Amino acid sequence: MAAGPARAAEQDEDRDPGAESRLQAGFDATIGKDQRIEPRDWMPEGYRRTLVRQIAQHAHSEIIGMQPEGEWITRAPSLRRKAILFAKVQDEAGHGLYLYSAAETLGADRADLTERLISGRQKYSSIFNYPTPTFADVGVIGWFVDGAAICNQVPLCRSSYGPYARAMVRICKEESFHQRQGYELLLTMMRGTQAQRAMVQDAVDRWWWPSLMMFGPPDGDSPNSAASMAWKIKRHTNDELRQRFVDMTVPQAEKLGVTLPDPQLRWNEKRGRHDFGTPDWSELKRVIAGDGPCNDERVARRTAAHEDGAWVREAAAAHAAKQAARAQARTHEGAAA
Amino acid sequence: MSSTEAADDDHVYLSLAEGHDDGDARWAFGTGFSDPLHGVDTAVPDAVDGSALAAVCLALGDDALVASQRLAEWCTRAPELEEEVALANIGLDLLGQARMLYARCGQVDGTDRREDAYAYFRAPADFRNVALVELPNGDFALSIARLLILSTWRLALLSRLAGTSDPVLAAIAAKAVPELTYHRQYAADWVVRLGDGTEESHRRMRAALRELAPYVEELLTATGDTVPGILAAPDTGTEAVREETLGVLRQVLAAAGLDLPERPAAPYRGRGGEHTEHLAPLLEELQSVAREHPEATW
Amino acid sequence: MSDAQIGRNGDNGTPSKGDWPLYEVFVRGKRGLNHVHVGSLHAADDTMALTHARDLYTRRNEGVSIWVVRSSHIAASTRDEKDPFFAPSADKVYRHPTFYDIPDDVPHI
């Protein structure tokens, strides 16, 4: 909680010396009572910084996450699937906006966060750097990626920071539709042709390990987890959530009739949970470092949209300024007359 | 507190697995949560010419599908995130309209085809949409100007079709009217912003109108191509739709410091299957997966 | 320079001519209820803010009532008025109008 002491000291130099420790005690008591921290409350600088980083990364993930599936809206093979996918990708834009909104309650600025995303200084979930070569990928993303997101996000509905927790409640409600539509698409495809079944298994093989990596590095290798847990920003460790996801997914895979590509995956009677293999953590590091299959493409698309849209945003701001000036001129005329 | 927390988590997990009553409706229309055709009698009234009705449904369905496809192309490319959501809403509305119109077409054209048969298994020459909707998106100014023209005309027409003697088409039109009213307002707001905003936005909007002007006449004529025999009161048809459309466009463009340039009409007749070179590639993409797996179910 | 041109969250940020100001959104879900704060969004003007709010926070559910207000126009009390820290008490809606630096080496969460 000593993070950012220079800035805090600079800002608060004229206060009385006991104030910070009293504020810290109040903050700790609020967290201890499981109450929410709200935007205007005092909070330790490290808490604010951790939240902004986590919420921004989450928002960026929603926005970049529109791309891999969005490519299939124009090619979806039935009008019903087209409408579902269109609505789903739209939801993701909405989720990104809810989250940027939560980040802005902490003093972050969306234009600045976008700048950080396109300059590569802030990351998004590495899962979205994998390609989507077939329509089955739409189903598997819904099932695995949205399923993993739900495991991560349901506990965040009780995050200690109020605006973040409230955004997550809204998001989780919609994510449940996302997972269901993905699984339902796969069920339908598995009842279809041989070629469709092969497409589903191929997509499962490609997405399983990257999905397990969505929960982040193992607990022993996750330096920020402890602080986030203490502040109740985060409620479960990476490994706990990963285990939860595996236990949830295995019976669904059986029902679907696909094989999860892990020879070590089996039920452990003694633990009452599944044992499973270790993801290739060096791959995760590579993808995070920017060497995933689609990193450049994803950021380039976001950058292009932002830059191509600049003249539109400027025009709207210019029109608003002109309108305000006109209204003011009318008021003056009225006053003069 | 922690035991309650665990229970909360479990509760949310469990609820994810439960069925949801609204099922597909949540997805199929993006906005409406009820079936607009619930309880509507699908028998064709004696006074209605089934083949003329089918032609109207097909034409309006094709306009909506192709326009929706172009809006979907904006996805992840919009000038601001809020506009992503808005453009997708409009695309979803039009897609919903296309689906209902195709379904009605299949009920009355004697073929008993489903919506996907119309969308995925017809050749470009069999599509009946106007050329305006198939033109490439261009920049945001062009897409917005197109949306204004299309939604102004479509609202003028469908608000009249809401009184037509086929109860199904009337119900489809009635559901579409508030949607199109919103589309027109959204587009009009943006046309004014871009027309008034900066030199660059004004120039782009002017160029967009110049490019689109030749396609307006086809749209206005297309009302007459399809509607007679459907409207309960034909005198409220073609001319009234033309007047309303041009009147609204003039009003919006004047507020934006713009006008619709006089230009010769483009030589296409989409209602007769005569399309621009842009429709075939659009459909090739739209139909690619469905045609690669003709035996598949999705 | 007008607020629309300044754009940033509050009145204190770096000017950037294309950035739209922040609006807070309040929605009355149905008759008989109060308007409730649901979140924020960016828009160039009030009309656009209402359109965006309807698109984003209600998915255009007809019949709900929406209020939007520029975030910089909201005066807010502090949680604890006797805190010497927060004088004057009727402050901006968010205490921190400027962006706080985030380290660039962001680990995966």
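**Figure 1. Salt bridges across the interface of chain B and chain A.** In this predicted model, the rule finds four salt bridges across the interface of chain B and chain A. A salt bridge is a side-chain nitrogen of Lys or Arg within 4 Å of a carboxyl oxygen of Asp or Glu. Glu82(B) pairs with Arg110(A) in one such bridge, at 2.7 Å from N to O. Helix α4 (residues 81–108) of chain B gives the largest share of the side that touches chain A, 11 residues. Helices are DSSP runs (H or I, at least four residues), numbered from the N terminus.

**Figure 2. The contact as a whole.** Chain B contributes 65 residues and chain A 66 residues, with contact meaning heavy atoms within 4.5 Å. About 5,700 Å² is buried between the two chains, 65% of it on carbon and sulfur atoms. Buried area is the accessible area (1.4 Å probe) that two parts lose on being put together, summed over both. Residue pairs in polar contact across the interface number 18, both residues at pLDDT 80 or more. A polar contact is a pair of N or O atoms within 3.5 Å; within protein, one must be able to donate a hydrogen and the other to accept it, and residues adjacent in sequence count only if both atoms are side-chain atoms.

**Figure 3. Arg326(A) and Asp196(B), a salt bridge between chains**. The closest N and O atoms are 2.7 Å apart. Arg326(A) lies in helix α14 (residues 310–336) of chain A, and Asp196(B) in helix α8 (residues 167–196) of chain B. Arg326(A) is partly exposed at 33% relative accessible area, whereas Asp196(B) is buried at 15%. Buried means under 20%, exposed over 50%, partly exposed in between (1.4 Å probe, protein chains only).

**Figure 4. Asp34(A) and Lys232(A), a salt bridge between distant parts of the chain**. The N to O distance is 3.7 Å. Asp34(A) sits in the loop between α2 (19–32) and α3 (45–64), Lys232(A) in the loop between α10 (225–230) and α11 (238–256), 198 residues apart. Asp34(A) is buried, at 15% relative accessibility.

Figure 5. Asp202(A) is partly exposed at 35%, as is Arg206(A) at 27%.

**Notes.** Residues are numbered from 1 along each chain as its sequence is written, and chains are lettered from A and ligands numbered from 1 in the order in which they are written. Local features need pLDDT of at least 70, side-chain atom pairs count only at pLDDT 80 or more, and totals for chains, interfaces and linings use all residues; side-chain values use heavy atoms, with hydrogens and water left out.

Methods
Helix = DSSP H or I, 4+ residues; strand = E, 2+ residues; numbered from the N terminus.
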